[in-house]
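Morning, everyone. I have one structure to walk through today. Please have a look at it first.

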Amino acid sequence: VEVKVADELNPDVVTITCPEDFGPGRLLYMKTANGDELEIPIPDGLGTDDEFDVDMGNLSDDHIEDNS
């Protein structure tokens, strides 16, 4: 899984590249710097190599954006 900072002014927002064979509703699991594990759902309409932004500080559906 490729993860990069989406906005240098807001480092909590990251861009995630959807891994191969992942699709809508499938969960990605990520560990934060403090060791917490987060579940990040793949948004509807996305699949392999699509990018989406996630606000790591607030993982509600309102903070997941399709970048494709």
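Let's start with the aromatic rings. The count of aromatic pairs here is zero. In general, such a pair is described by the distance of the ring centres and the angle of the planes. Keep in mind that this is a predicted model.

R26 sits over the face of F22, 3.8 Å from the ring centre.

Now the overall layout. The protein chain has six strands and zero helices. Read from the N terminus, the order is β-β-β-β-β-β. Of its 68 residues, 32% are buried. The accessible surface is about 4400 Å², and carbon and sulfur atoms hold 41% of that. What about contacts along the chain? Take those with a separation of 6 or more: 33% of them join residues 24 or more positions apart.

Next, the core. In soluble globular proteins, nonpolar side chains tend to be buried together. Here the largest nonpolar core has 11 residues.

Last stop, T15. This residue is in strand β2, which spans residues 13–17. Is T15 buried or exposed? Its relative accessibility is 6%, and the cut-off for buried is under 20%, so T15 counts as buried. The T15 side chain also makes a polar contact with the side chain of D53, at 2.6 Å.

That's my tour. Over to you.

Notes:
Residues are numbered from 1 along each chain as its sequence is written. This is a predicted model: local features need pLDDT of at least 70, side-chain atom pairs count only at pLDDT 80 or more; totals for chains, interfaces and linings use all residues. Side-chain values use heavy atoms; hydrogens and water are left out. Helices (H or I, at least four residues) and strands (E, at least two) are DSSP runs, numbered from the N terminus. Buried means under 20% relative accessible area, exposed over 50%, partly exposed in between (1.4 Å probe, protein chains only). A polar contact is a pair of N or O atoms within 3.5 Å; within protein, one must be able to donate a hydrogen and the other to accept it, and residues adjacent in sequence count only if both atoms are side-chain atoms. Rings of Phe, Tyr and Trp (its six-membered ring) pair if their centres lie within 6.5 Å; planes under 30 degrees apart count as stacked, over 60 as edge-to-face and the rest as tilted. A charge sits over a ring if NZ of Lys or CZ of Arg is within 6 Å of the ring centre and within 35 degrees of the ring normal. A nonpolar core is a set of buried Ala, Val, Leu, Ile, Met, Phe, Trp, Tyr and Cys residues joined through side-chain atoms within 4.5 Å. Contact means heavy atoms within 4.5 Å. Accessible areas come from the Shrake-Rupley method with a 1.4 Å probe; for residues, only the protein chains shown count as cover.
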